[in-house]
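Please look over the chain shown here before reading on. The briefing that follows takes up a few of its contacts, topic by topic.

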Amino acid sequence: MNVEDHPELLTGPYLSSNRKAERVLRVASLDEYAHHEGGLSRENFNAKMLQSFWRFVCERQRIWHRRFVERKPPPWTDDPVLRTTRFTNVYRELDPGTQYALREILETRLSIQDKIFNLMLYRLIGRMETFSVIGAQHVSSFDSRFLEKTLRFIRDVKEKPPFSGAYIVSTYLRMGSRDKVVNIARLFGELAKNFDGVSHRLLACRSSEEAFHELRSVYGFGTFLAYQVLVDLLYPLKINGGRPILPFSHNDWAIAGPGAQRGVKILLLDQTISKELKVMRWLHEHQQAEFERRRLLFPYLHDQRDAPIPISLSNIENCLCEFYKYIKIQTGTGRGRRRFVAPEANELITWLPTQSHMDRERND
């Protein structure tokens with residue numbers, strides 16, 4: 001969906017009042033806070049940290065809104081950490097890397113098997129520029145020598161980093177070389193040979209959690225990468241009639257990566273012991289009441305029916321990771337890996353998913 005074809009995406013309908021969000025997400029009343037939900041209640045949280053979390057989430061989304069909807073010039077925030085450090089968006093689907101995956105892989109006429117394979121390749125490499133040079137691959141004709149040659153060219157001739165700087169890409173020494181490029185080419189060569197079985201088992205999974213463990217079982221895909229691919233496979237696709245590749249929701253299940261685990265830990269009181277998923281579900285289910293409690297006007301995205309899109313469970317997981325990074329920088333106990341410098345000219349968002357899961361849920 002191009003913004004030029006849908007100018008409403010950058011104007012009023014994207015900004016929600018907190019009251020309108022009640023149409024989509026059940027709001028937990030203040031009375032509910034007094035009761036434990038599965039052993040977890042608001043009293044289990046560190047009040048100061050919980051407030052900081054929601055303020056961080058709201059301000060991060062406001063930055064996006066000021067920048068792309070209101071078209072204001074920088075700076076888009078007075079927060080010194082958010083102003084100078086790169087954080088992912090509250091809505092993962094707004095990140096350029098996810099937009100690229102949706103546009104260049106998911107919303108194409110590639111076979112489902114090829115889409116899954118290319119998502120795995122793209123997420124492991126982590127750079128749009130590199131994947132655009134490699135191009136979409138077909139499992140049946142995949143040539144690991146071509147991949148190795150292309151990665152070498154980017155690194156050695158163009159002298160550009162072929163892999164993402166947002167996270168550490170493993171060297172995969174088990175593949176037999178001391179050169180990361182060679183090992184990754186070999187890794188995907190082996191994956192292509194066995195991909196019929198991998199894709200068959202993945203598509204036969206009966207839950208998000210089962211699908212995650214299937215992806216996690218592939219050598220080279222740890223918790224982080226496996227979950228990123230899973231989240232990609234849950235986006236509703238226009239080309240697929242508004243259905244995702246895997247028949248599950250971003251709100252069904254999530255796994256907390258190391259950063260999110262630390263984020264959960266600093267949110268809870270010292271004596272509270274709770275599973276990360278339970279905490280993430282609580283945050284997801286109570287987001288509206290939490291914003292209202294603090295009188296925070298969160299600029300929800302809206303779907304094509306002008307219904308606010310709540311922060312999904314998978315996005316809550318990502319917010320916890322980013323929040324932990326924010327607190328480390330704010331308290332001087334850590335520093336951001338990537339600095340943010342505002343561009344001279346404001347860029348446009350050129351593509352967005354066509355239908356939210358919440359919209360799809362109401363149609364079912």
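**A loop residue and its partners**

In this predicted model, the side chains of Asn 89 and Asp 95 are joined by a polar contact of 2.6 Å. A second polar contact, of 3.3 Å, links the side chain of Asn 89 to that of Arg 60.

**Around Asn 89**

- Asn 89 lies in the loop that runs between helix H2 (80–84) and helix H3 (96–106).
- Is Asn 89 buried or exposed? Its relative accessibility is 7%, and because buried means under 20% relative accessible area, Asn 89 counts as buried.
- When its neighbours within four places in sequence are left aside, Asn 89 is in contact with Arg 60, Trp 64, Leu 94, Asp 95 and Asn 318.
- Although Asn 89 and Gln 61 are separated by 28 residues in sequence, their C-alpha atoms are 6.8 Å apart in space.
- Asn 318, one of the residues that Asn 89 contacts, belongs to helix H13, and with a relative accessibility of 17% Asn 318 also counts as buried.
- Once residues up to four places away in sequence are set aside, Asn 318 touches Thr 88 and Asn 89.

**Helix H13 and helix H1**

- The axes of helix H1 (residues 47–69) and helix H13 (residues 313–331) come within 10 Å of each other and cross at roughly 110 degrees.
- Angles of 65 to 115 degrees count as roughly perpendicular, and H1 and H13 are therefore roughly perpendicular to each other.
- On the H1 side, the contact is made by Met 49, Ser 52, Phe 53, Trp 54, Phe 56 and Val 57, while H13 contributes Ile 316, Cys 319, Leu 320, Glu 322, Phe 323, Tyr 326 and Ile 327.
- Sorted by class, the residues in the contact of H1 with H13 are eleven nonpolar, one polar and one charged.

**Helix H13 and helix H11**

- Helix H11 (residues 258–267) also meets H13, with axes that come within 7 Å and cross at roughly 70 degrees.
- From H11 the contact involves Gly 259, Ala 260, Arg 262, Gly 263, Val 264, Ile 266 and Leu 267, and from H13 it involves Glu 317, Leu 320, Cys 321, Phe 323, Tyr 324 and Ile 327.
- The residues in the contact of H11 with H13 divide into nine nonpolar, two polar and two charged.

**Cysteines**

- How many disulfides does a search of the whole structure find? The search finds zero disulfides.
- A disulfide is a covalent bond between the sulfur atoms of two cysteines.
- For Cys 321, the closest cysteine sulfur is that of Cys 319, and because the two sulfurs are 10.0 Å apart, they are too far for a bond.
- Cys 321 counts as partly exposed, with a relative accessibility of 28%, whereas Cys 58 is buried, with a relative accessible area of 1%.

**The chain as a whole**

- The chain contains 14 helices and two strands.
- Of its 364 residues, 53% count as buried.
- Among the contacts in the chain between residues at least 6 apart in sequence, 74% join residues that are at least 24 apart.

Conventions
Residues are numbered from 1 along each chain as its sequence is written. This is a predicted model: local features need pLDDT of at least 70, side-chain atom pairs count only at pLDDT 80 or more; totals for chains, interfaces and linings use all residues. Side-chain values use heavy atoms; hydrogens and water are left out. Axes are lines fitted to C-alpha atoms, for helices over the stretch in contact, and angles run from 0 to 180 degrees between N-to-C directions. Helices (H or I, at least four residues) and strands (E, at least two) are DSSP runs, numbered from the N terminus. Angles under 35 degrees count as roughly parallel, over 145 as roughly antiparallel, 65 to 115 as roughly perpendicular and the rest as oblique. Contact means heavy atoms within 4.5 Å. Ala, Val, Leu, Ile, Met, Phe, Trp, Tyr, Cys and Pro count as nonpolar, Asp, Glu, Lys and Arg as charged, and the others, Gly among them, as polar. A disulfide is a pair of cysteine sulfur atoms within 2.5 Å. Buried means under 20% relative accessible area, exposed over 50%, partly exposed in between (1.4 Å probe, protein chains only). A polar contact is a pair of N or O atoms within 3.5 Å; within protein, one must be able to donate a hydrogen and the other to accept it, and residues adjacent in sequence count only if both atoms are side-chain atoms.
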